[in-house]
Number of protein chains: 2
Amino acid sequence: MSIRSVIMIGAGNAGFHLGLRLYSTGVNVLQVFSRTEEKALRLAGQTASRWTTKLRDIAPNADCYIIAVHDDDIGQVSETLYSNPPLRDKLFVHTSGSTPSSVFKPYFHRYGVFYPLQTLSISRPADFTDIPICVFAPDREDEDDLFQLGQTISRKVSRIDDEQRAVLHVAAVFVNNFANHLFHIGHQILEKEGLPFDLLRPLIRETAMKVQEDDPSKMQTGPAVRGDRATIERHLGYLEKFPEWKELYEMVTKSISV
Amino acid sequence: MSIRSVIMIGAGNAGFHLGLRLYSTGVNVLQVFSRTEEKALRLAGQTASRWTTKLRDIAPNADCYIIAVHDDDIGQVSETLYSNPPLRDKLFVHTSGSTPSSVFKPYFHRYGVFYPLQTLSISRPADFTDIPICVFAPDREDEDDLFQLGQTISRKVSRIDDEQRAVLHVAAVFVNNFANHLFHIGHQILEKEGLPFDLLRPLIRETAMKVQEDDPSKMQTGPAVRGDRATIERHLGYLEKFPEWKELYEMVTKSISV
């Protein structure tokens with residue numbers, strides 16, 4: 001069998017975009033749950049589906065239940081859903097990069113993961129054709145179904161087990177959360193000096209575009225990789241006013257140099 | 001007067017792209033110098049200009065001399081050019097983010113900076129309309145001319161003095177060199193686990209695109225900003241195999257959390 005209908009449990013950034021994309025590729029979104037009525041309504045309104053703010057009202061007629069709530073809530077939500085017997089044989093997946101699929105084990109015998117590896121915000125459109133979808137299920141048939149579901153929304157679907165996904169998530173923190181923090185530091189430095197962040201934006205974009213085809217190691221430039229101590233010392237001198245970032249500068253410079 | 005002709009001294013990444021762009025917007029590139037014949041030829045061939053590998057053969061008939069050599073060589077190149085008397089009253093600029101304009105002071109009385117704030121590689125086309133050009137000259141008329149020259153190749157020209165440019169360069173190291181190093185770490189982690197870097201590339205691109213309109217601080221997500229200790233501890237556990245990156249993970253996490 002394949003997955004023709006889903007119920008979205010959670011309608012935040014990931015749930016919203018995923019629900020919308022599934023609907024737009026012809027998957028039946030039967031129902032949307034969110035504790036926040038406004039969020040439930042927003043997604044339901046765009047996917048021609050019913051909505052609820054109560055977990056006990058989740059309907060038992062979907063092929064797959066996509067749990068897109070905060071990582072910490074996946075267990076609690078599962079427990080509540082389990083208390084509704086007609087749901088117990090259904091396929092449950094979460095969308096989290098950092099939660100093992102075993103979170104479902106105490107409750108369900110059909111479960112898995114459907115993880116879109118992207119940073120999604122309600123305020124920005126998401127181009128799913130290009131977003132890697134990482135699927136996993138202990139049962140091969142379920143995983144095949146999730147793989148197929150992934151292929152309806154993206155050209156890049158991979159089978160990624162819990163351990164691999166945990167590694168991916170660490171790497172994602174470096175290239176996304178940590179890189180964004182560096183952009184923030186750049187922004188703060190410029191702001192302090194009354195310079196507009198627009199001066200750095202094209203550089204940030206190009207830095208990201210350069211690694212779309214090449215390896216980052218080949219793209220490394222700057223004083224650290226050149227071993228340009230004079231420039232490094234000048235920079236450290238300037239960073240006296242930001243001691244915490246000075247320390248970071250030193251550590252990253254050391255890490256690049258080795 | 002305005003700048004209608006230039007001589008490119010240096011034909012590496014910055015010199016090549018700058019020379020090409022100036023030529024394509026109608027500026028006369030009279031001559032190209034590079035110590036490497038191949039580089040001199042490559043740029044001269046695309047800008048209908050003469051070329052030389054000898055500094056003493058630089059012609060005295062250009063409105064502006066653009067020195068795009070390694071930062072450390074700007075002083076030495078200037079000294080050599082100064083030994084040629086007909087050049088002494090000419091306008092000299094360098095293209096370096098980290099070198100004060102005063103590097104020219106011992107030699108020339110007309111000098112300045114023409115700094116394209118972008119990471120340029122021969123192998124990638126450069127879209128100059130979007131690249132911030134930072135100009136400076138102690139003499140107002142020279143600076144006006146450089147500003148105009150900037151406007152012929154970009155929509156984003158700013159007057160940026162030595163001190164501001166030094167700050168910009170520190171910030172650029174964070175958002176470019178250091179961010180690229182994070183991409184490298186992500187790449188290495190995935191490689192170690194036999195996972196393709198393509199899984200992270202869309203995330204890297206989107207992370208950069210999100211700050212094109214918004215402030216990075218608004219875009220911060222992940223375990224550090226959520227204070228999600230359980231995930232952070234899991235990540236640190238995994239990073240035991242990369243002690244240096246574990247230390248970096250801890251420092252950046254701390255920096256995000258404060």
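This is a predicted model: local features need pLDDT of at least 70, side-chain atom pairs count only at pLDDT 80 or more; totals for chains, interfaces and linings use all residues.
What covers the buried residues of α2(B)? Residues are numbered from 1 along each chain as its sequence is written, chains are lettered from A in the order in which they are written, and side-chain values use heavy atoms, with hydrogens and water left out.

In helix α2 of chain B, residues 37–46, the buried residues are B:Ala40, B:Leu43 and B:Ala44, where buried means under 20% relative accessible area and exposed over 50%, with a 1.4 Å probe and protein chains only. Seen down the axis of α2(B), these buried residues fall within an arc of 100 degrees, so they line one face of the helix. Their cover includes β1 (5–9), α1 (13–24), β2 (28–33) and β3 (50–52) of chain B, whereas the face turned away from the buried side carries the exposed residues B:Glu38 and B:Gly45.

Turning to chain A, the axes of helix α1 (residues 13–24) and helix α2 (residues 37–47) come within 9 Å and cross at roughly 10 degrees. The two helices are therefore roughly parallel to each other, a term that covers angles under 35 degrees. Their contact, meaning heavy atoms within 4.5 Å, involves A:Gly15, A:Phe16, A:Gly19, A:Leu20 and A:Tyr23 of α1(A), facing A:Arg42, A:Leu43, A:Gln46 and A:Thr47 of α2(A).

Finally, the copies: chain A can be laid on chain B with an RMSD of 0.0 Å by a turn of 180 degrees and a shift of 0.0 Å along the axis, and the two are thus related as by a two-fold rotation axis.

Notes:
Axes are lines fitted to C-alpha atoms, for helices over the stretch in contact, and angles run from 0 to 180 degrees between N-to-C directions. Helices (H or I, at least four residues) and strands (E, at least two) are DSSP runs, numbered from the N terminus. Angles under 35 degrees count as roughly parallel, over 145 as roughly antiparallel, 65 to 115 as roughly perpendicular and the rest as oblique. Copies are superposed by least squares on the C-alpha atoms of residues with pLDDT of at least 70 in both. The arc is that of the directions from the helix axis to the C-beta atoms.
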